[in-house]
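Let's walk through this protein together, one neighbourhood at a time. Keep the model open beside you as you read.

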Amino acid sequence: MKFKFFSWIGIFLLIFFFTASVNAAIYYVDQNHPQASDNNPGTEDLPWKTINHAAEVLHAGDVVLVKGGTYDVGGSSNYDAPVVNPANSGTQNNPITFKVYPGESVVVFASSGQAAPIGSSGKEHIIWDGFTVKMTGRRPAVLFQGATKCILQNCIIEGTYAATTDNHDGVIVNWSEDIIVRNCIIYGVKGDSVNSSGIKCYNAKGLIVENCEIYDCYTGITDKEEGRYNVYRKNIIHDIGPGPSISLYTQDGFSTEGIEINQNIIYNSPNIYFDCDHPMEHKNVKIYNNVFHNVAIDSLRSPNLQIWNNIFYNTDFSIIARINGTPTYSNFNCFYPTAKFETGRYTDNDVIYNSLSEWQNGTNLDLNSFNQDPLFVNPEAGDIHLRPNSPCLAKEGEDCG
């Protein structure tokens, strides 16, 4: 008996077929196909021509595979919704998926209007997977507005400079819950103020940003106005500035609570900056298991701020505590080669601690922290894995980085 072996693309499509809902379908968009038309059935032989049409007709469980090319999705004057905005929602087990055809490259941009090319407004369980999105003018690349449980993954956001001090961001998450941004590269988002960010969220809850690389932006990530239980983990954030690498900012009567910043590598960038209008606060923020290279934690009004198991490498000031910004808990951190701290900045009670021992004696914090070389494998070449004899691996199982 002879067997016919499937190509890896065929196997990929079979996996999609057998894991999708029995009522779902796989469709195709291929603008370069000679017979492409939005009047077609959307098969591989008779594909649709535009991603816009796919967004209008897909239902829960449907997958559209977009073949290679540069797609101009047009434009919209509605800033609160992306140009390509799915008409329907998916479900927990059957999301609506927009995915680049395996092995091909798809570039998406909006040529007019002020709306982001892709994203979701008011819908649930939408997945965007594998696209390169170009920013043009002040338009963001991706917008989630009033969305729930949507995912942006494996995408590249190509930023641009805009001569503005207003919002100019790569990915925007507004008044949305449980959004995931993962495995993305975001770069080149620049403007004339800290309002230009690789990622910005307003009133987001349960946002997860993970395994992303963000660089060459004015500000890396801005969590603004009542961020709740958002998590920033396992990202590489570098060469940011002059704005912060991560900014927690509250205004207009909102506070921020339950933010976690963990397992990130942040270097060649300004501080992690907590700023808020009086009497707003940043409550229950946890910062742990990170590597900070020349990056300080600069906090203002931060009840129950907890900082542990981090490596502060080549920093000037490691922890800056302004009004009510002194950590509640800080321990098992590595500070090298210097350890310098400040409390009460911009107040009459300003105190600078020029060594770890001064900080320990003056605040009773970081009693198990130390001021030793973390022994990276090759930091000059960017390899910051820890050597087996690193002191960060020798504190009774406590890994400080």
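**Inside the core**

Leaving out residues up to four places away in sequence, Phe-131 touches Ile-51, Val-66, Phe-98, Lys-99, Val-100, Val-106, Val-108, Asn-154, Cys-155 and Ile-156, where contact means heavy atoms within 4.5 Å. This is a predicted model, in which local features need pLDDT of at least 70 and side-chain atom pairs count only at pLDDT 80 or more, while totals for chains, interfaces and linings use all residues. Residues are numbered from 1 along each chain as its sequence is written, and side-chain values use heavy atoms, with hydrogens and water left out.

Together with Ile-51 and Phe-98, Phe-131 has the most contacts inside the largest nonpolar core, which has 75 residues. Such a core is a set of buried Ala, Val, Leu, Ile, Met, Phe, Trp, Tyr and Cys residues joined through side-chain atoms within 4.5 Å; buried means under 20% relative accessible area, exposed over 50%, and partly exposed in between, using a 1.4 Å probe and protein chains only. A second, separate core of seven residues includes Ile-311, Cys-334, Phe-370 and Cys-392.

Now for the cysteines. How many disulfides does a search of the whole structure find? The search finds zero, a disulfide being a pair of cysteine sulfur atoms within 2.5 Å. For Cys-150, the nearest cysteine sulfur is that of Cys-155, 13 Å away. For Cys-155, the nearest is that of Cys-184, at 4.9 Å. Cys-150 counts as buried because its relative accessibility is 0%, and Cys-155 counts as buried at 1%.

Next, look at Ser-120, which sits in strand E8 (residues 118-121); strands (E, at least two residues) and helices (H or I, at least four) are DSSP runs numbered from the N terminus. With 0% relative accessibility, Ser-120 is buried too. Beyond its neighbours within four places in sequence, the contacts of Ser-120 include Pro-82, Phe-144 and Cys-150.

Strand E8 leads us to the sheet. Here 11 strands form an open sheet of mixed pairing, in the order E8-E11-E14-E17-E20-E23-E27-E31-E34-E37-E38; two strands pair if DSSP finds at least two bridges between them. E8 and strand E38 (351-353) are at the edges with a single partner strand each, so one side of each has no neighbour in the sheet. Within the sheet, strand E20 (residues 219-224) pairs with strand E23 (residues 246-250) in the parallel sense over four bridges, and Ile-221 has Ile-246 in E23 as its bridge partner.
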